[in-house]
Amino acid sequence: MSFLSAAINFNSFFNMKPLNSNKSTISNFKFPKSQTGIQGLDEITFGGLPRNRSTLLLGDTGCGKTIIAMEFLVNGIVQFDEPAVFLAFEEKKDELVLNVKSLGYDLDTLIANNQIYIEHIQFNPDEIVETGMYDLEGLFVRLEQAIYKVEAKRVVLDSLDKLFYGLDEKILRSEFLRLLTWLKAKEVTAIITSENGDSYLTRRGILEYVADCVIVLDNRVTNQITTRRLRIVKYRGSIHGNNEYPFTIDEKGVSVYPIISEAIQQESSSKRISSGIKELDEMLGKKGFYEGSSILISGTAGTGKTSVAASFAYSVCKANKTCLYCAFEEAPNQVIRNMAPIGLHLDPLVNSGILTFYYSRPTIQNLELHFMAIKKIIHEIKPSVVILDPITNLMTEGPNSDIRSMLTRFVDFLKTQHITVMFTAAITIGSIERNPSDEGISSMVDTWMMVQDVEVDAERTRSLCVMKSRGMDHSKEVRKFIITSKGISLSPLISIKNGTIADSKRKAKEHANLSTSKESIGVKESSRSVE
């Protein structure tokens, strides 16, 4: 090659257009999918399972394989008018119908209406006598009759791996591939359940390579708390969520919690909502909090965090807006009793349904499952405000980064629903130094207020200060925090006694304490606190 031709080729290389510059894009193309109707699962699969293809559902005993498969069929019938076939290789038909009744599945009616066909295929490996080349022709015949009987669009083969017991690997792969090809030709969307293997996803390490979609279920125990999790290992032709997602099974069926999905761009509101404390609203630009924002009330025990949260809830309900109060320390009846002496009568609001309490001990389940339970209530009552009191009780398990990640995504979810959220937390300067995750909570919220107990000249004084409030010109003043039978009020720390300023010394010390606090957590004061 000559020097000239080499130079031409060299220049051509750098002047080349990107490979996809002339490639036509099909922006409107949508991969054909069948919606499962399972809360959260359609979100992480971006629309459901692959239509007219097979999905392999793997998991150990008790993970929920059969329940998820059955809900996929029932939702298909009820929501999308797609009849179904369920072939079981373990549970008998009567047992299966009875077992799912507790979840609200009325299979008897669906069977009577010829909307679902259920059959149990007896299979005993000990009774097998090998007389020739193994194939699945017998299964194809029974399955074709069932599909024809109800004109099925969805099929489940539950515990199909029992049918492949003791087979040669070459035969197993070829017959399983033939089964998937046969199902695709029948234009049905299928779920095949199987147990996990030791060294591979399945026992023989073959089925997962042939299937179009593979979902793995897990039921793990951490610190004596059980959590079911779901992960999409493979999905040909479609993007999907790659992480592990917790899910629950209760009387309403299966719910997958995709709180770890990508954050959605939230819309910001300029509307304000009152804190329920007149003087505090004045400190917040004379208007209160922004609607849809996140608020943190921090302080040690006995400083009045719950009282501030209850005042906010009371004000919201009096404005005829729904509020969800999540209590993780005191029982609801205890909160109601304790707030009555300060003029906050919450009982009538609960009876009217405008105030709803969620109460659970933090040790009953982990942080993710608490958020899942709260999310269900949010979908039911659609509150304007959610209060979590206190959030620090939930933060006993897991690494700091995991805790902050879950809280951040939970706040993101609430913001997408335009819900104002208030946290209370036992966070102090000392706790931030010992536990960095505490500082993570204060940095992720929009408004942070600190209530403190300051002892000056042998007198205990509560104080409140707005540490930050994004997007508004808030007060930098430290106010005296007073709780009386008429509610909460804030007043200047200076009071006049006998014509002199008796509290000037105490004010100087309290301002010094607050300045030290701000310096230790890196909070910069400005005339306008905007982040």
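Before we start, a residue is called buried at under 20% relative accessible area, exposed at over 50% and partly exposed in between, with a 1.4 Å probe and protein chains only. Helices (H or I, at least four residues) and strands (E, at least two) are DSSP runs, numbered from the N terminus.

The model is predicted, so local features need pLDDT of at least 70 and side-chain atom pairs count only at pLDDT 80 or more, while totals for chains, interfaces and linings use all residues. Residues are numbered from 1 along each chain as its sequence is written, and side-chain values use heavy atoms, with hydrogens and water left out.

**Exercise 1. Work out how strand β7 (residues 189-194) sits in the structure.**

Step 1: Go along the strand and check burial. Six of the six residues of β7 are buried, so the strand is largely enclosed by the rest of the structure.

Step 2: Sort the side chains by direction. In a regular strand they alternate between the two faces of the sheet. Here Thr189, Ile191 and Thr193 point one way, and Ala190, Ile192 and Ser194 the other way.

Step 3: Look for partners, remembering that two strands pair if DSSP finds at least two bridges between them. Strand β3 (residues 54-58) runs parallel to β7 over five bridges, and threonine 55 has isoleucine 191 as its bridge partner.

**Exercise 2. Trace the salt-bridge network that links Arg51, Glu82 and Arg154.**

Step 1: A salt bridge is a side-chain nitrogen of Lys or Arg within 4 Å of a carboxyl oxygen of Asp or Glu. The structure holds eleven of them.

Step 2: Take the contact between glutamate 82 and arginine 51, at 3.4 Å from N to O. Glutamate 82 is in the loop between α3 (65-80) and β4 (84-88), and arginine 51 in the loop between β2 (49-50) and β3, so the pair ties together parts that are 31 residues apart in sequence.

Step 3: Compare the surroundings. Glutamate 82 counts as buried at 11% relative accessibility, arginine 154 is buried too, and arginine 51, at 33%, counts as partly exposed.
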